[in-house]
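Please work through the exercises below with the sequence and the model side by side, trying each task before reading its solution.

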Amino acid sequence: MTDQLRLMAVHAHPDDESSKGAATMAKYVSEGVDVLVVTCTGGERGSILNPKLQGDRYVEEHIHEVRKKEMDEAREILGVKQEWLGFVDSGLPEGDPLPPLPEGCFALEDVDHAAGELVRKIRAFRPQVITTYDENGGYPHPDHIMTHKISMVAFEGAADTEKYPEAEYGPAYQPQKLYYNQGFNRPRTEALHQAMLDRGMESPYGDWLKRWEEFGMKERTLTTHVPCGDFYEIRDKALIAHATQIDPDGGWFKVPMDIQKEVWPTEEYELAKSLVDTSLPEDDLFAGVRDNA
């Protein structure tokens, strides 16, 4: 049955697939599910976040090519397929007031046009399940918010032959479920934070929890908890492959693996759209789909 199951994960930049839902994807790959990551931009305007590579002239001058190679390595580690949507990174504007977004960037594309490019991918791959970001983008990066917008339009548009004619976009197809990634949720953060403190260890999440309070961040509805602790090592290896973005000695990896697996061995999602019957909470993105596969 699993050779009929297909999962599409829509992400804004290379590295997002490894920091959001990577263990889930690796789990499904191990079960024979066909998994495709669609990366909307090349990450061309992403900052070099790994201090070990900051100031590296080659990396700075060839960031697009470097990030593509990093994506290739992460893809192999996770065992997924991966395709580019072909849009240009918008960058993360900073300052007060914020500067305008650069001309030609992803976030300034016409939503229906950009969604049409995702419709092509959906109709060709025919996933029953799609994962993407919520309306806040997970965090308010313009490319993450745009990824949400086009995913919502494309979920419906993949079956709409008037808006997206089959002659141009391929045969119509309707995905059955759409989820928002919610891996960075407060219950998980609080549980890991407390587990570290209980063991007399310094927690990397103290500032995170303070920011939750300061910004009044909205609590999301966690509908789906996918057990995938056995794939955390693969997740971390894929994340480290994005060397320009991740410091292997940084905060991402401060919680020991045994504590992570014991305290929080799942990744979380919010079911946003479903055309099949399912009971909440779920432990499977394909709940309600498998019987109809």
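Predicted model: local features only at pLDDT ≥ 70, side-chain atom pairs only at ≥ 80, totals over all residues.

Residues are numbered from 1 along each chain as its sequence is written, and side-chain values use heavy atoms, with hydrogens and water left out.

**Exercise 1. Strand E5**

Task: Determine whether the residues of strand E5 are buried or exposed, and find which strands pair with E5.

Solution: Helices (H or I, at least four residues) and strands (E, at least two) are DSSP runs, numbered from the N terminus. Begin with residues 177-181, which form E5, and note that 5 of its 5 residues are buried, where buried means under 20% relative accessible area, exposed over 50% and partly exposed in between, with a 1.4 Å probe and protein chains only. In a regular strand the side chains alternate between the two faces of the sheet. Here one side carries Lys177, Tyr179 and Asn181 and the other Leu178 and Tyr180, and both faces are covered.

Next, turn to the partners, remembering that two strands pair if DSSP finds at least two bridges between them. Strand E4 (residues 129-132) runs parallel to E5 and is joined to it by 4 bridges, with threonine 132 opposite tyrosine 180. Strand E7 (residues 266-274) is antiparallel to E5, over 5 bridges, and tyrosine 269 in E7 is the bridge partner of asparagine 181.

**Exercise 2. The cavity**

Task: Find how many cavities of 30 Å³ or more there are, and which residues line the largest.

Solution: On a 1 Å grid over the protein atoms alone, a cavity is a set of points where a 1.4 Å probe fits but cannot get out, and lining residues have an atom within 4 Å of a point. Grid points are joined across faces, edges and corners, and the volume is the space filled by probe spheres set on the points. Strand E1 (6-11) and helix H2 (22-30) each supply at least two lining residues, and E1 gives the most, with 3 residues.

**Exercise 3. The nonpolar cores**

Solution: A nonpolar core is a set of buried Ala, Val, Leu, Ile, Met, Phe, Trp, Tyr and Cys residues joined through side-chain atoms within 4.5 Å. The largest has 26 residues, and Ile122 is one of those touching the most other members.

**Exercise 4. Two single residues**

Task: Explain why histidine 141 and glutamate 267 count as buried.

Solution: Histidine 141, in the loop between E4 and H6, counts as buried because its relative accessibility is 5%. Leaving aside residues up to four places away in sequence, histidine 141 touches His13, Asp89, Gly91 and Leu92, a contact being heavy atoms within 4.5 Å. Glutamate 267, in strand E7, counts as buried because its relative accessibility is 9%. Finally, glutamate 267 and threonine 24 are 243 residues apart in sequence, yet their C-alpha atoms are 6.8 Å apart in space.

Key:
1 Å grid on protein atoms, 1.4 Å probe; cavity = no way out; pocket = protein on both sides within 12 Å on 5 of 7 lines; lining within 4 Å.
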